[in-house]
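Subject: Handover of a structure and its findings

Dear colleague,

Please find below the structure that I am handing over to you.

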Amino acid sequence: YMLGNPFETNESIKKTIELALELKHDRTQFCISTPFPGTELWDMAEKWNKFKHRDFSKYYWYYSVAANMTNLSDEELIEWQRYAYKRLEQAGGHG
């Protein structure tokens, strides 16, 4: 599941996490949205000047923000990702 999509709010992130837990997949991952070249998200990040960096060696799956497309802080997005994995663990799910 992608957290931190354009225009996302605390409420929509919480709904995404709750949906993931409700669906009870065999494997679940929560990643902060990351723009890649050739995607609409990349074009939006460029247009809105949202990139923290464009160095792919600094792109990480967990607890890292390459381009924040929300009105939330980077720290808030990372906390939501941590919260998602904590809730997944509490629910007995697999990350």
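This is a predicted model: local features need pLDDT of at least 70, side-chain atom pairs count only at pLDDT 80 or more; totals for chains, interfaces and linings use all residues.

Residues are numbered from 1 along each chain as its sequence is written, and side-chain values use heavy atoms, with hydrogens and water left out.

Helices

Helices (H or I, at least four residues) and strands (E, at least two) are DSSP runs, numbered from the N terminus.

Burial is judged by relative accessible area: buried means under 20%, exposed over 50%, and partly exposed in between (1.4 Å probe, protein chains only). In H1, the residues Ile-13, Thr-16, Ile-17, Ala-20 and Leu-21 are buried. Viewed down the axis of H1, these buried residues fall within an arc of 130 degrees, so they line one face of the helix. The arc is that of the directions from the helix axis to the C-beta atoms. Strand E1 (2-3) and H3 are included in what covers the buried residues of H1, contact meaning heavy atoms within 4.5 Å. Lys-15 and Glu-22, on the other side of H1, are exposed. Lys-24 follows H1 and has a positive phi, near 50 degrees.

Helix H2 (residues 40-47) has Leu-41, Trp-42, Met-44 and Ala-45 as its buried residues. Seen down the axis of H2, they fall within an arc of 165 degrees and therefore line one face of the helix. Glu-40 and Lys-47 are exposed on the other side of H2. Just after H2, Asn-49 takes a positive phi of about 55 degrees.

Aromatic rings

A pair of aromatic rings is described by the distance of the centres and the angle of the planes. Rings of Phe, Tyr and Trp (its six-membered ring) pair if their centres lie within 6.5 Å; planes under 30 degrees apart count as stacked, over 60 as edge-to-face and the rest as tilted. The structure holds 7 aromatic pairs. Among them, Phe-30 and Tyr-85 are edge-to-face, at 5.4 Å centre to centre and with 85 degrees between the planes. This pair links distant parts of the chain, 55 residues apart: Phe-30 is in the loop between helix H1 (10-23) and strand E2 (31-32), and Tyr-85 is in helix H3 (residues 74-90). Both Phe-30 and Tyr-85 are buried.

The rings of Tyr-62 and Tyr-63 have their centres 6.2 Å apart and their planes at 45 degrees, so this pair is tilted. Tyr-62 is partly exposed, with a relative accessible area of 35%, and Tyr-63 is partly exposed at 37%. Tyr-1, Phe-30, Tyr-62, Tyr-63 and Tyr-85 form one aromatic cluster.

Arg-82 lies over the face of Tyr-63, at 4.7 Å from the ring centre. A charge sits over a ring if NZ of Lys or CZ of Arg is within 6 Å of the ring centre and within 35 degrees of the ring normal.

Salt bridges

The structure holds 4 salt bridges, a salt bridge being a side-chain nitrogen of Lys or Arg within 4 Å of a carboxyl oxygen of Asp or Glu. One of them joins Arg-87 and Glu-18, whose closest N and O atoms are 3.0 Å apart. That pair links distant parts of the chain, with Arg-87 in helix H3 and Glu-18 in helix H1, 69 residues apart. Arg-87 is partly exposed at 22% relative accessibility, as is Glu-18 at 28%.

Lys-52 forms a salt bridge with Asp-74, the closest N and O atoms being 3.2 Å apart. Here Lys-52 in the loop between H2 and H3 is linked to Asp-74 in helix H3, 22 residues apart.

Glu-79 forms a salt bridge with Arg-82, with the closest N and O atoms 3.2 Å apart. Glu-79 and Arg-82 both lie in helix H3, 3 residues apart, about one turn of the helix.

A loop residue

Ser-64 lies in the loop between H2 and H3 and is buried, with a relative accessible area of 16%. Leaving aside neighbours within four places in sequence, Ser-64 is in contact with Ile-32, Lys-58 and Ile-78.

Yours sincerely
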